[in-house]
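User: I am new to reading protein models. Can you take me through one, feature by feature?

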Amino acid sequence: MGNDNEIIDNIANKEYEFGFVTDIEMDVAPAGLNEDTIRYISAKKNEPEWLLEWRLKGLQAFRKQQLPTWQNFEMPEIDFQKISYYAAPKSKPKYDSLDQVDPELLATFEKLGIPLNEQKALAGVAVDVVFDSVSVTTTYKEKLKELGIIFCSFGEAVKEHPELVKKYVGSVVPHSDNIFAALNAAAFSDGSFVYIPKGVRCPMELSTYFRINTENTGQFERTLIIADEGSYVSYLEGCTAPMRDENQLHAAVVELIALGNAEIKYSTVQNWYPGDKDGKGGIYNFVTKRGICKGENSKISWTQVETGSSITWKYPSVILQGDNSTGEFYSVAVTRNKQIADTGTKMYHIGRNTRSRIISKGISAGEGQNSYRGLVQVGPKADSARNFTQCDSLLIGDRCGAHTFPYIESKNNTATVEHEATTSKIGEDQIFYLNQRGIDSEKAVALIINGYAKEVLNQLPMEFAVEAQKLLSITLEGSVG
Amino acid sequence: MLIIKNLHAGIEGKQILKGLNLTVNAGEVHAIMGPNGAGKSSLASVLAGRENYEVTEGEVSFQGKDLLDMNPETRAREGLFLAFQYPIEIPGVSNINFLKTALGEIRAYKNLPPLDAKEFLALSREKQKLVEFDAKLVNRSLNEGFSGGEKKRNEIFQLAMLEPSLSILDETDSGLDIDALRIVSKGVNKLRSEKNAFIIITHYQRLLEYIVPDFVHVLANGRIVKSGTKELALELEEKGYDWLKEEKEQEATII
């Protein structure tokens, strides 16, 4: 047992490896949230009137909303007036090539191991780097352009493709959806925009690395992905953030729209600063992610590996409107020290013969708390809808917790809804068994964890899967991961 | 190869092994028999280094090194293998991947380069054939959903793959039907050589009809109370263990 505990303590005490602050001149808006701030942001970005109006509607909605009380953790106090709602690097934000980018910024990416370089691009990844809210550099846009694919910052899309943005922004996550979505609608800084034209299969994984860098600056990205009829796109989102003493709010919104026969695969590896071992500092990751399978036979698949943030609170969801459409959710969430995760998904079956599949794997170590919360809703018209949910929890040590809150609502008696759940502990005897075959405890834990999470990791694009596997091992090093 | 001297060990303050002595040389097969609760499986656990056992006295030398000074993985890398009475299930970890990791660790310890994928697969196929292990089980998750017999056969397959110098079979025969018992025994017999040794822990004489031991020891009340050749096993089968309890007082035959 001693050995086990040692491993667990090691994990629990491991320092966050990516904590450092980059010293770059920033253009920071005065703290506070009011109409003036919103107008300041909108003006800074030279936005059209309709968008400003929409932001102001968001602000109104935000003022009317209350903070939720149903979550399985104590809501931290957030002073929305102390947050600065806009920060952009002061130096010119647009570059034609990497040579023009601030070397210190590049060094930061280097430290993070973000492969922002030609090799990576050649390997098939186009990277749109969002550095504190404003897109700094976009690679491989030209190549995508040839296929008619639009992959750019949200701000750029507003300027160059206003008709698309206007049509779809807020169509899946309305400005009044919830308090954090309303906040984002009002104050969103930047984000990514993707449009895949009819019948086009995007030839590479589109990838964005988000990074939070200015103290006291909440980051409010907005991502909008539209897959037109018969198209396909795989989108990767990965993040790390520097070490910080004060909590930072991160309230992003992601909207996915899949038209007939289109498929969107959205993968996330989230490794933001989780706070120190007492839970001090760390990111509040309160994100609204939702997709709609608008057309027949369309498909949306969410895959997430969540290892960071002090609180992760999100439910990437799918509205299955088109007949025969499919929604998937694959998740691994790791909590250690005092981290909290309250995550899961919502699947709304509206169209006929719609299918959904939910695979959730929670891993709790230290004093981490992990909740799975999932809603499967079958509407009256969703004949023969099918859902399968599997929800597993793995505990490391005896101070952590795992909780499961499944909600099933069916208004159609032809629907099939299945729910399976397990809770297990990494056993001393499992570790001893592997020890007895020559494998040390650390490797044993990594083997067990990766085996446990395999079903989800397998959903990630190959390159990402390897990184995620390493991340899991590093995150739980010594404990069980 | 293995010299156990005056070994005292226990668990949670309860003394189980009370001065056990045993010497095993290369090329030998030793059977350890005894009534339930005699300390047979505890002996296996102590030798493999299970943490919750505490050694209070005595010494164990394995190939000239102090075994008790090593952690469990080092013992394994040094060539000690325990075939578990209840093999553990590890979901999601494929049997073959697990073996590749294990073999890699053992080879690295011996400063040998890892086998490449082709060599490894060739070795795996050869050993599957040798111990008649079902190829379908090789790619499944480690012991997950295996029947009792399949788990035991997997232990022997692992033994064949890792080529330890000393193998301890902890009640490998328990829960096996006669066909599985025959296959497992055949595998072990094929793996016997002048260079390695086996300790076979069993409650019944039946297994020893298939794996013929060089020595048979009776373990009772934490010590070896009688040693002999394979005929001793037959005698035990006939008379049970009760007669030893009377003999024990004489403390007659300790090797």
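Analyst: Start with confidence. pLDDT is the predictor's confidence in each residue, from 0 to 100. You need it here, because this is a predicted model. Chain A averages a pLDDT of 81, and 77% of its residues score at least 70.

User: Where in chain A is the pLDDT below 50?

Analyst: One such stretch is residues 90-94 of chain A. Beyond near neighbours in sequence, that stretch has 10 contacts in the model. Residues 116-125 of chain A are also below 50, and this stretch has 20 such contacts.

User: What is the mean pLDDT of chain B?

Analyst: Chain B has a mean of 90, with 95% of its residues at 70 or more. Look at residues 249-255 of chain B, though: pLDDT stays under 50 there. The model gives that stretch 11 contacts beyond four places in sequence. For the model as a whole, the scores are ipTM 0.94 and pTM 0.78.

User: Now the interface. How do I read its size?

Analyst: The size of an interface is often given as the accessible area lost when the parts come together. Here, chain B and chain A bury about 2100 Å² between them. Carbon and sulfur atoms carry 61% of that area. Count residues too: 30 of chain B are in contact with 21 of chain A.

User: How many salt bridges are found across the interface of chain B and chain A?

Analyst: First, the idea. Side chains of opposite charge can pair when their charged atoms come close. The rule finds two salt bridges across this interface. Lys443(A) and Glu105(B) form a salt bridge, at 2.7 Å from N to O. Over all chains, the count comes to 25.

User: Which residue meets Arg39(A) in a salt bridge?

Analyst: Its partner is Glu35(A), at 3.1 Å from N to O. Both residues lie in helix H2 (residues 35-44) of chain A. They sit four residues apart, about one turn of the helix.

User: And how do I describe two packed helices?

Analyst: Two packed helices are described by the angle between their axes and the distance between the axes. Take helix H10 (residues 428-435) and helix H11 (residues 441-452), both of chain A. Their axes come within 9 Å and cross at roughly 115°. The crossing of H10(A) and H11(A) is right-handed.

User: Which residues make the contact?

Analyst: H10(A) supplies Gln430(A), Ile431(A), Leu434(A) and Asn435(A). H11(A) supplies Ser441(A), Ala444(A), Val445(A), Leu447(A) and Ile448(A). By class, this contact has six nonpolar, three polar and no charged residues.

How values were computed. Residues are numbered from 1 along each chain as its sequence is written. Chains are lettered from A and ligands numbered from 1 in the order in which they are written. This is a predicted model: local features need pLDDT of at least 70, side-chain atom pairs count only at pLDDT 80 or more; totals for chains, interfaces and linings use all residues. Side-chain values use heavy atoms; hydrogens and water are left out. Axes are lines fitted to C-alpha atoms, for helices over the stretch in contact, and angles run from 0 to 180 degrees between N-to-C directions. Helices (H or I, at least four residues) and strands (E, at least two) are DSSP runs, numbered from the N terminus. A crossing is left-handed if the near helix is turned anticlockwise from the far one by less than a right angle, and right-handed if clockwise. Contact means heavy atoms within 4.5 Å. Ala, Val, Leu, Ile, Met, Phe, Trp, Tyr, Cys and Pro count as nonpolar, Asp, Glu, Lys and Arg as charged, and the others, Gly among them, as polar. Buried area is the accessible area (1.4 Å probe) that two parts lose on being put together, summed over both. A salt bridge is a side-chain nitrogen of Lys or Arg within 4 Å of a carboxyl oxygen of Asp or Glu.
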